[in-house]
Amino acid sequence: MNTVTVVGASLAGLYAARELRAQGFDGRLVIVGAEPHLPYDRPPLSKDFLTSDPSNLLVGGAAEAPLALTDTEEIGELAAEWLLGVHATGLDQHARAVLLDDGRSVVTDGVVVATGASARRLPGPWPAGVHTLRTLDDARALRADLAQGTRRVVVIGGGFIGAETASSCVALGHDVTVVEAAPLPLLPQLGPDMGAFCADLHRRGGTRLLTGTGVAGLHRVASPHSHSHSHSHSPGHVTAVELSDGRLLPADVVVVGIGAAPNTAWLAGTSLAVRDGVVCDDGCVTSLPNVVAVGDVARVGGVRAEHWTSATELPRVAVRNLLAARTVETVTALPYFWSDQYGSRIQFAGHRPADATVRIEEGSPDDGSFLAVYEHAGRVTAALAVDCPRPFMKVRRELRARQVAAV
Amino acid sequence: MIPVCRLEDLPAGESVRLDTTPPVAVFNADGALYAVDDTCSHQDASLSEGWLEGCLVECPLHAATFDLRTGQPTCLPARRPVRTHRVSVVDGTIHVHLTEPAAVPVPVPASATSAIVPAGVSGAGSLSATAHSTLTGEGSAA
Ligand SMILES: Cc1cc2nc3c(=O)[nH]c(=O)nc-3n(C[C@H](O)[C@H](O)[C@H](O)COP(=O)(O)OP(=O)(O)OC[C@H]3O[C@@H](n4cnc5c(N)ncnc54)[C@H](O)[C@@H]3O)c2cc1C
Ligand code: FES
């Protein structure tokens, strides 16, 4: 293999590049990234980044330095060609070349697909004051809007990013409402008991939580400042969110946190199987043996995880299989994610069957610090901790050991 | 010299956090005592709550592991060491001798940034240079 092209210059793409070098690939390494930025870390964008000292508001200020995932020294060691601000637009039939939006193409022997996911948007016009939160540029725009005095903020979607953003907005002193269509937040991820706990976190934190109602549309006025807003917005500024039950929530700032969709459009027309993500075997290998996929875009063995840790764990196995030109190793990672909301740190590991029951193993939800385990058919299958890191690590290790043993 | 606790109150495998600025974590790693800065050099997590195995501690948030003897990370995502501090036991009481604080990192001034846009970042040339500067401290002038 002479050339490997990594498409997507974020967390999973960077880890793939590191693995390629660590596993002895010394050929030409090309990294294509649609964003103009070197790899940066997304989790802080909904957390510390929004609440950091306003004197750091300048682009490139102190608040942004900790986001960088790599540094000059490592970039030198990787000896890669970085094509940043460039979109891959396709793969030729047998993935012998990656096509780029600037008309060039990269002739390549292997491809790592690491194009991640994009924030889902609401249909219809997109007035100023309405935000998604996926990229550094999104976060800068939201932070700038939040710096203009006390705002009425409506967060659409009570998932992790919605909850973290709401928590950050409350910490900044804004008036915050979260709208969640399901009866409880985080139901699909955490189930009803822990979803109810997270609903309490919102209420205790000072956020208004409206559940069981969808959004019918956004209201807007022609904005006196509309010339200053980016042209991706239609003219006008948001004034309110209309709920499907007819209620109207006045809003200066709206954050749309309704999930993310994998970035696979550029693979249309190739022979790669795409079904809510790039379909891979258990070893991250796609239907073409010289193409592997990692991170949020990859559906590995039937599962697509949107977690930081999987984006860092999959590349080792994927690169090994890419260099071997077949699947010689499969992924045994245990799903893990964390979330920081209202000063509480939530950690989750394992698999949660829909009918699993929850048992509090240590501490108590009323005190805000506890370890809960999910049980199914008499076995512990997952654990959730709130500000309880030590006992959590113990269960996580046990679950991981059992998962490895079961393979 | 800061008193920590009685030796018998920190059994093997245990750790304790000192509310100093910055906080310090003291470990009894199978009979050997170590002290390091408590906050992980990666992001915001407390190493005193980490997983202790031999003289290695694993961060509870993203599993970076540090060697308590040197403070050096042994794996990603941590890329910088944590400070180590000397520990002594006087009359059965554990004490920590704080190491002088490391120089506080300051953002690279704008005039110096061009030097750290690595030569290896090529291809989209100016675009990648812009990108790099926005994460290191220049950028706003563009
Ligand atoms: C605000 C926020 C908070 C989060 N918090 C947490 C958390 O607390 N815990 C947790 O476990 N996870 C969290 N996550 C999830 C975590 O950040 C993701 O799982 C991780 O970023 C996935 O990495 P990735 O490299 O697969 O994809 P991404 O980070 O999405 O990167 C993909 C990159 O590919 C680029 N790209 C897309 N299409 C193309 C193309 N055609 N050509 C070239 N480049 C392309 C994109 O521009 C992007 O830069 C959070 C995510 C966000 C957005
Ligand atoms: S905070 Fe310690 S590894 Fe990330």
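Where is the place of B:Val16? I looked this up before anything else. B:Val16 sits in strand E2 of chain B, residues 15-18. Helices (H or I, at least four residues) and strands (E, at least two) are DSSP runs, numbered from the N terminus.

**Ground rules**

I noted that this is a predicted model, where local features need pLDDT of at least 70 and side-chain atom pairs count only at pLDDT 80 or more, while totals for chains, interfaces and linings use all residues. Residues are numbered from 1 along each chain as its sequence is written, chains are lettered from A and ligands numbered from 1 in the order in which they are written, and side-chain values use heavy atoms, with hydrogens and water left out.

**B:Val16**

I checked the exposure of B:Val16. The residue is partly exposed, at 24% relative accessible area. My cut-offs: buried is under 20% relative accessible area, exposed is over 50%, and partly exposed is in between (1.4 Å probe, protein chains only).

I then listed its contacts (heavy atoms within 4.5 Å). Not counting residues up to four places away in sequence, B:Val16 touches B:Val4, B:Leu10, B:Val24, B:Ala25, B:Val26 and B:Ser48.

**Chain B overall**

I counted two helices and nine strands in chain B. Read from the N terminus, the order is β-β-β-β-β-β-β-β-β-α-α. Chain B has 142 residues, and 45% of them count as buried. Among contacts in chain B with a separation of 6 or more, 36% join residues 24 or more positions apart. The accessible surface of chain B is about 6,900 Å², with 56% belonging to carbon and sulfur atoms. That area comes from the Shrake-Rupley method with a 1.4 Å probe; for residues, only the protein chains shown count as cover.

**Backbone entries**

Which peptide bonds did I find to be cis? One runs from B:Thr21 to B:Pro22, with omega near -10°. B:Pro22 is in the loop between E2 and strand E3 (24-29) of chain B. Another runs from B:Leu76 to B:Pro77, with omega near 5°. B:Pro77 is in the loop between strand E7 (65-67) and strand E8 (84-90) of chain B.

I looked up phi next. B:Asp30 has phi near 50°, a positive value in a residue other than glycine. B:Asp30 lies in the loop between E3 and strand E4 (32-37) of chain B. B:Asp30 counts as exposed, at 64% relative accessibility.

In chain A, A:Leu186 has phi near 60°, also positive in a residue other than glycine. A:Leu186 is in the loop between strand E11 (175-180) and helix H6 (187-205) of chain A. Is A:Leu186 buried or exposed? A:Leu186 counts as buried, at 3% relative accessibility.

**A:Lys47**

I found A:Lys47 in the loop between strand E2 (28-33) and helix H2 (48-51) of chain A. A:Lys47 counts as buried, at 11% relative accessibility. Neighbours within four places in sequence aside, A:Lys47 is in contact with A:Glu164, A:Ser168, A:Trp338 and A:Asp340.

Two packed helices are described by the angle between their axes and the distance between the axes. Axes are lines fitted to C-alpha atoms, for helices over the stretch in contact, and angles run from 0 to 180 degrees between N-to-C directions. Angles under 35 degrees count as roughly parallel, over 145 as roughly antiparallel, 65 to 115 as roughly perpendicular and the rest as oblique.

I took helix H1 (residues 11-22) and helix H7 (residues 308-324) of chain A. Their axes come within 8 Å and cross at roughly 40°. That makes H1(A) oblique to H7(A). The crossing of H1(A) and H7(A) is right-handed. A crossing is left-handed if the near helix is turned anticlockwise from the far one by less than a right angle, and right-handed if clockwise. Among the contact residues are A:Tyr15 and A:Glu19 of H1(A) and A:Trp308 and A:Arg316 of H7(A).

I then took helix H5 (residues 160-171) of chain A with H6(A). They pack at an angle of about 15°, with axes 11 Å apart. H5(A) and H6(A) are therefore roughly parallel to each other. Their crossing is left-handed.
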